[in-house]
Amino acid sequence: VRGFTASSYGDAFADVYDEWYAEVSDVTATVDLVRSITPPGGSVLELGVGTGRLALPMAAAGLIVVGVDASSKMLDRLAQRDPGRTVVGVLGDMVDQLPDGHFDTVLCAYNTLFNLTSIERQQACFVEVAERLTPSGRFVVEAVAPSPVDHAAASGQPTSSVSVRSMAADRVVLGIDRHDPSTQLVEGQFVEITEAGGVRLRPWQIRYSTVAELDSMAGRAGLMLVERFGDVDRRPFDADSPRHVSVWALSDARVTAS
Ligand SMILES: C[S@@+](CC[C@H](N)C(=O)[O-])C[C@H]1O[C@@H](n2cnc3c(N)ncnc32)[C@H](O)[C@@H]1O
């Protein structure tokens, strides 16, 4: 999407995010998973914290939560939902502007890593995260696991589709997306057309990576895979799993060197 920047997604979706995406993944199971790998009262850095869908329940569960987001509109929503400031919101890019310090767990949920739309930016994110993990810290990524079969079936040609997200007598929201398997880029727009208000565009784009690509990035950043689940309920991951939750730790060599 031409003209798209790190803040574009959040700024375009902040007003509808809680309504549209409240149930995209199991919040309780995600918080349980994070608690199970984080010491009681430990620290969590969430990359792309958004409106706090996950961060607020993590803080309520007794964890110290810092959330980074490139969109001031998303962080404004988080602040509105969190009058007691239980989550520390930091405006910044999740590669170039991560806060200093070390965290027991770094979480990047719901495809947010793929908002970094090149393999180089994703690699740089792994490097920055590795710098901020405590010696026994964990990096947790929850994302779609692209199927090699689907990927091959696309035979290299870009495909596009239009679907109806919602429809009423005076309003329709269309989802338009385009997938280029040669670059692994998927980009789209939600187009909201209302009789009263005209047209509202909400653009998004991701660069999906396979689990093998992610493990390679992790390895180059000095991280090693410790667990991979098929979802936040910790079901086993296999080649047919549509999603994955991957947990990396600093490699032994890296811990010894630090
Ligand atoms: C899909 S939302 C996920 C929000 C939240 N983690 C959740 O699970 O509901 C992705 C978030 O990442 C933020 N984001 C996208 N690119 C970013 C970047 N380069 N640096 C920091 N935040 C970014 C967006 O503004 C948005 O709030």
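A salt bridge is a side-chain nitrogen of Lys or Arg within 4 Å of a carboxyl oxygen of Asp or Glu. By that rule, Asp15, Arg171, Glu192, Arg200 and Arg202 are linked in a network of salt bridges. The structure holds 15 salt bridges.

Before going on, some notes on the model. This is a predicted model, in which local features need pLDDT of at least 70 and side-chain atom pairs count only at pLDDT 80 or more, while totals for chains, interfaces and linings use all residues. Residues are numbered from 1 along each chain as its sequence is written, and side-chain values use heavy atoms, with hydrogens and water left out.

Now the sheet. Helices (H or I, at least four residues) and strands (E, at least two) are DSSP runs, numbered from the N terminus. Two strands pair if DSSP finds at least two bridges between them. Strands of a sheet pair through backbone hydrogen bonds, either parallel or antiparallel. Here, seven strands make an open sheet with mixed pairing, in the order β3-β2-β1-β4-β5-β11-β10. Its edge strands, β3 (87–91) and β10 (223–229), each pair on one side only. At the β10 end, six bridges join β10 to β11, and the two run antiparallel. Leu225 stands opposite Trp248 in β11.

Next, a helix on that sheet. Helix α6 touches β1 (43–47), β4 (103–108), β5, β10 and β11, where contact means heavy atoms within 4.5 Å. The direction of α6 makes about 150 degrees with that of β5. For such angles, axes are lines fitted to C-alpha atoms, for helices over the stretch in contact, and the angles run from 0 to 180 degrees between N-to-C directions.

Back to salt bridges. Which residue does Arg243 meet in a salt bridge? The partner is Glu142, at 3.1 Å from N to O. This pair links distant parts of the chain, with Arg243 in strand β11 (residues 243–250) and Glu142 in strand β5 (residues 133–144), 101 residues apart.

Is Glu142 buried or exposed? Buried means under 20% relative accessible area, exposed over 50%, and partly exposed in between (1.4 Å probe, protein chains only). Glu142 counts as buried because its relative accessibility is 7%. Arg243, at 24%, counts as partly exposed.

A second pair is Glu131 and Arg254, whose side chains meet at 3.5 Å, N to O. Glu131 is in helix α6 (residues 119–131) and Arg254 in helix α9 (residues 252–257), 123 residues apart. Both count as partly exposed: Glu131 has 43% relative accessibility, and Arg254 has 26%.
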